[in-house]
Amino acid sequence: MSGGGDAKFFARGKVAELRIELNSDKKDKNHVRKKIALKKIVANMTMSNNDMAGLFPDVVQCMQIPQLEIKKMCFLFLVNYGRMKPELALQGLPILLSDIEDSNPLVRALALRTLSYIHVRQFVEATVGPLRIRLRDPDPYVRKTAAFCVAKLYDHDRDLVEGSDLIDKLNGLLQDDNPTVVTSALAALLDIWERDGGSGGIRLVIDKANAGKFIQILPDCSEWGQTYILEALMSYVPQETSEASIMAERICPRLQHSNSAVVLTCIRVILYLMNYIASPQEISALCRKLSPPLVTLLAKGPEVQYLALRNALLILQRRPEVLRNDIRVFFCKYNDPIYVKVTKLELIFMLANEENIREVLTELREYATEIDVHFVRKSVRAIGKLAIKIEPAARECIRTLLELVSTKVSYIVQEATVVIRNIFRKYPNQYESIISTLCENLDSLDEPEAKAAMIWVIGQYADRIENSDVLLDDFLYGWADEPVEVQLALLTATVKLFIQRPTKGQDLVPKVLKWATEETDNPDLRDRGYMYWRLLSADPAAARAVVMGEKPPISAETEKLDPATLEEMCLNVGTLATVYLKPVNQVFRVARPKKLEDSPALQRHLLPTVQAMAEMQAMISKQVASPQPKTEPVHEGDVAAAVDSADDYFASVPPGNIGIGGGVVNSNPFSGVMQSPSDLIENNYGQVNRPQTNFTQNNQGDLILL
Amino acid sequence: MLSGILFFNQKGENLIFRQFRNDCRPRLSDVFRIQVISNAQVRSPILTLGSTTFSHVKHENIYLVAITKSNANAALVFEFLYRLIALGRSYFGKFDEEAVKNNFVLIYELLDEILDFGYPQNTETDTLKMYITTEGVKSERAMEDSSRITMQATGALSWRRADVKYRKNEAFVDVIEDVNLLMSAAGTVLKEDVTGQIIMRAYLSGVPECKFGLNDRLLLDDNGPSRPNGNKNGSKATRAAAGSVTLEDCQFHQCVKLGRFDTDRTISFIPPDGEFELMRYRATENINLPFKVHVIVNEVGKTKVEYQIAVRANYGSKLFATNVVVKVPTPLNTATTHVRTSQGKAKYEPAENNIVWRIPRFTGQSEYVLSADAILTAMTNQKAWSRPPVSLNFSLLMFTSSGLLVRYLKVFEKSNYSSVKWVRYMTRAGSYEIRF
């Protein structure tokens, strides 16, 4: 094709004019005019100018011209508009069919490729005959085109292909001498199998002999062909543990390939084979081989870096040995794109331990002063979570947090407030000296989550904060305008204040209970209001036990994948699902689910799901044995007075309005503040999946929140 | 696999739209335009909407987008997009909006060739250029010509034509290292590594078999678990003395026989004709940092920032680095600067919020100093300055930060010609950052 200078044809054209240009009788040496007209048509096709379909008869005329360049443009037109005007497209069919018989293999392949792209019944049916012959074409280029052609036909018309012998013939190509033909046939078969989705009768069986042969030709295949072979090896189920080791050993050299698809797919296969390997030494030897190539991917383009990092996040949970020593490689460069930075941050958090915590904190402290607000917040949150994750480092983490609070940057202060609340939950009655620092920054809190966190702290430590009643009263001033999250926190905190310091709380409690029960249409808030009211009026001692009771411990491990998802994800290393780290079928409903096939070699007892099940059973049996926690004695105080006032109030309310049933009392003040889990992918259509927010959220101070 | 390939310019105009499967509809280009190009909130190169995934790469002023359905191999998708860019650059020099518009018909032709039903096919530039050219196909090629092409495109040596002939047989090897450094404000090294490339330009006749040797001590699976990691290992001095380098990892062009490398560490290959990247490697031990940088920054009240920056060349006095550029970040509200340097020129570039200090030639073992003041204007909302790191750029010939050396390159060909080989070393700054 004549190079360059085509930009001038890239403009919206009119059908009538183009028709005249195509049909002009003027002398057209080498068909230059026709070429230009066709280029204009191709440009308009790109701009989805559907009027162009009107030019079908004229374009079909041009297909006769014996010039490859013109032919290719006409074919492109046919592929694009064929479906729109099937009856007109049919005029091109004879030309394609005769080209399939051409003596030039490039022309044969081109015609076959084009023919099979056109989603029109007559074309599809006309393909079958010539395709059978081309699957045995003397030229490998034509054979590999024919191989993909079978998969294309299957896409157009499943029954047609299943009713013919095409799949058998495609299987036959696996024995071809030419590696490109073999890998093309393999890719086509995998495509058909994937689409069959288990509904049709198609099974993919790759036995030891097949797998061995594929691995043998690996070095002779193109990089893409190698990827297709590695993908296919995922369907091979080793029957003996030695088979799996040998196989893993033989594909290891692929880890040195410069194509990241080969590398990541190879990592996937090795991780998969490890499930069938018994020897721990072999497994750790393999793990050591995986680490350097994975880290090397960080020198690739940012998109591949991102993918490598997401997969590192995954592999780390399944095979921690792989990245044990490598925390520094995940430190952010200033110019890393934000999606790379955020994932690196998650990895740093996961790899942090007692030995490297100082280094990590210095690094996170650095991130907390960057420009991107989202990233800064996550860094602050990570510091707080590290205080919870690594107990001996808690003091150090809190010191760093306080340093950050002293910057007075509003969003840093708010984020820090939220994590400090979690630190208090993890280490009750310690580090209380922070409270005063927090109280200095009350005014800068304007986000519901941060407010709720602060209010929780005030309520929980009402007896230790001198002016807790004043602080709460300040917050209560804006009650009506607050979101439910904050109102719930205020309600609970006021009740806590009253229970701990009845004299201070007795003015506030009736007021708040009244608002919560009467002036809201939120059922959660009203229910909780009534619940407290009833509790306080019926049994103050119980109220204390419930409201100030011991809370379940929190941990920082919430972002770990559940065992079943982890197991599934490891079979999908390098795919899109690893970016979302969600069960494949939640994101891609049509994807064929993959699971570990059982075999005598499968090391079942080492699978995450099996181990989790065992742990769960152990825990249940332990819990049954342990006694219930004791309730604390209750201080008598002005409780009686408050109870009276509450009762007075209830007496004034018409009986119909009080609907307190014997519900379940939840002593966890967080329950109401709990955000609904992100249902990003519940409904697949029209929903946007954005990778940053794809961990299950809960309110336990997730690193992955926001 | 891929359902379609789309190109857009920055305005969101569709430049190329090629579908490979029936599930790729034209309206998807509107979806991408709205959800990604005109959405400032996009923070990921991958976006899944319903059952459709858009994976995009930005290059120059164009977006290259791959559309996939279902759970595709994402590594393959991006690697293919990168390859597409490489192809575009090789065909058109620069691969931007202008080049795409000027060659859109050729690009459609290429896409038809390198993707079949959305599966990447042969993407070797050399082979493709045999039959897809910017010069126009010579009307009807002879039959043998076509079968030669098809053998080439599907053969085990898809990257090399058999009939290459040179009067003078030469091979040039460029060892190019990017040295990366991240130094903390306290002057401790947080991260240092080298990513190296070995670029070869082979002008060799026939089908030459090459063997390539480095002074490496590949530790890929040496001695099992005791493998040293990081720089703390005490044995490093002896290693360096023995004149060998430890490569953390290496990756090769597809022409290299990986099986042989795995068994006996020989790098043997039949090279493509012309220029290609033979290997990439990574080294993390015994890194020789070419420059030591000492940064002192004082924020004096809210009106002034003082800088003292000293850069010392850590390599032999016979060598010199060229195009050394030191970028010193200044606060956003900088009004003016006063800069003094002992060598080179420094200029404040307000658009970049940097003082840019250029030293065209930096001789080994010398030390140059910059001192500067940035005067700030008063701001109503005093936002904290994020203090981006000081960064360096340079290139330094005949020096490798990793200590890597090429020991030999042997060429065997059946006609037994003699060949001339050249080796060149260069170290550049990758991301050379010093926090303060």
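Trainee: Which residue of chain B forms a salt bridge with Arg113(A)?
Mentor: Glu113(B). The closest N and O atoms of the two are 3.6 Å apart. Keep in mind that this is a predicted model.

Trainee: What lets two side chains pair like that?
Mentor: Side chains of opposite charge can pair when their charged atoms come close.

Trainee: How many salt bridges are there between chain A and chain B?
Mentor: Nine. Over all chains, the structure holds 61.

Trainee: And how much area do chain A and chain B bury between them?
Mentor: About 9,800 Å², with 54% of that on carbon and sulfur atoms. Chain A puts 119 residues into the contact and chain B puts in 106.

Trainee: Which helices pack across that contact?
Mentor: One pair is H16(A) with helix H2 of chain B, residues 74-92. Their axes come within 8 Å and cross at roughly 170°. Angles over 145 degrees count as roughly antiparallel, so H16(A) is roughly antiparallel to H2(B).

Trainee: Which residues make the contact there?
Mentor: From H16(A), Ser260(A), Ala261(A) and Leu264(A); from H2(B), Ala75(B), Leu76(B) and Glu79(B). By class that is four nonpolar, one polar and one charged.

Trainee: Back to chain A. What does H16(A) pack against within its own chain?
Mentor: Helix H14, residues 223-233, is one partner of H16, which covers residues 260-274. The axes come within 9 Å and cross at roughly 20°.

Trainee: Parallel or antiparallel, then?
Mentor: Angles under 35 degrees count as roughly parallel, so H14(A) and H16(A) are roughly parallel to each other. The crossing is left-handed.

Trainee: What sits in the contact of H14(A) with H16(A)?
Mentor: H14(A) brings six residues to it, or to name them: Glu223(A), Gln226(A), Thr227(A), Leu230(A), Glu231(A) and Leu233(A). On the H16(A) side they meet Ala261(A), Val262(A), Thr265(A), Cys266(A), Arg268(A), Val269(A) and Tyr272(A). The contact has seven nonpolar, three polar and three charged residues.

Trainee: New topic: H23(A) and H25(A). At what angle do they pack?
Mentor: About 40°, with the axes 8 Å apart. H23 is residues 410-426 and H25 is residues 448-460. That angle makes H23(A) oblique to H25(A), and the crossing is left-handed.

Trainee: Which residues meet?
Mentor: Among them, Val418(A), Arg421(A) and Phe424(A) in H23(A), and Ala453(A), Met454(A) and Trp456(A) in H25(A). The whole contact divides into seven nonpolar, two polar and three charged residues.

Trainee: Last one. What does Lys451(A) form a salt bridge with?
Mentor: Glu482(A), with the closest N and O atoms 2.9 Å apart. The pair links distant parts of the chain, 31 residues apart. Lys451(A) is in helix H25, while Glu482(A) is in the loop between helix H26 (468-477) and helix H27 (484-500).

Definitions and conventions:
Residues numbered from 1 in each chain as written. Chains lettered and ligands numbered in written order. Predicted model: local features only at pLDDT ≥ 70, side-chain atom pairs only at ≥ 80, totals over all residues. Heavy atoms only, no water. Axes fitted to C-alpha atoms, helices over the stretch in contact; angles between N-to-C directions. Helix = DSSP H or I, 4+ residues; strand = E, 2+ residues; numbered from the N terminus. Parallel < 35°, antiparallel > 145°, perpendicular 65-115°, else oblique. Left-handed = near helix turned anticlockwise from the far one by under 90°. Contact = heavy atoms within 4.5 Å. Nonpolar A, V, L, I, M, F, W, Y, C, P; charged D, E, K, R; others polar. Buried area = accessible area lost by both parts, 1.4 Å probe. Salt bridge = Lys/Arg side-chain N within 4 Å of Asp/Glu carboxyl O.
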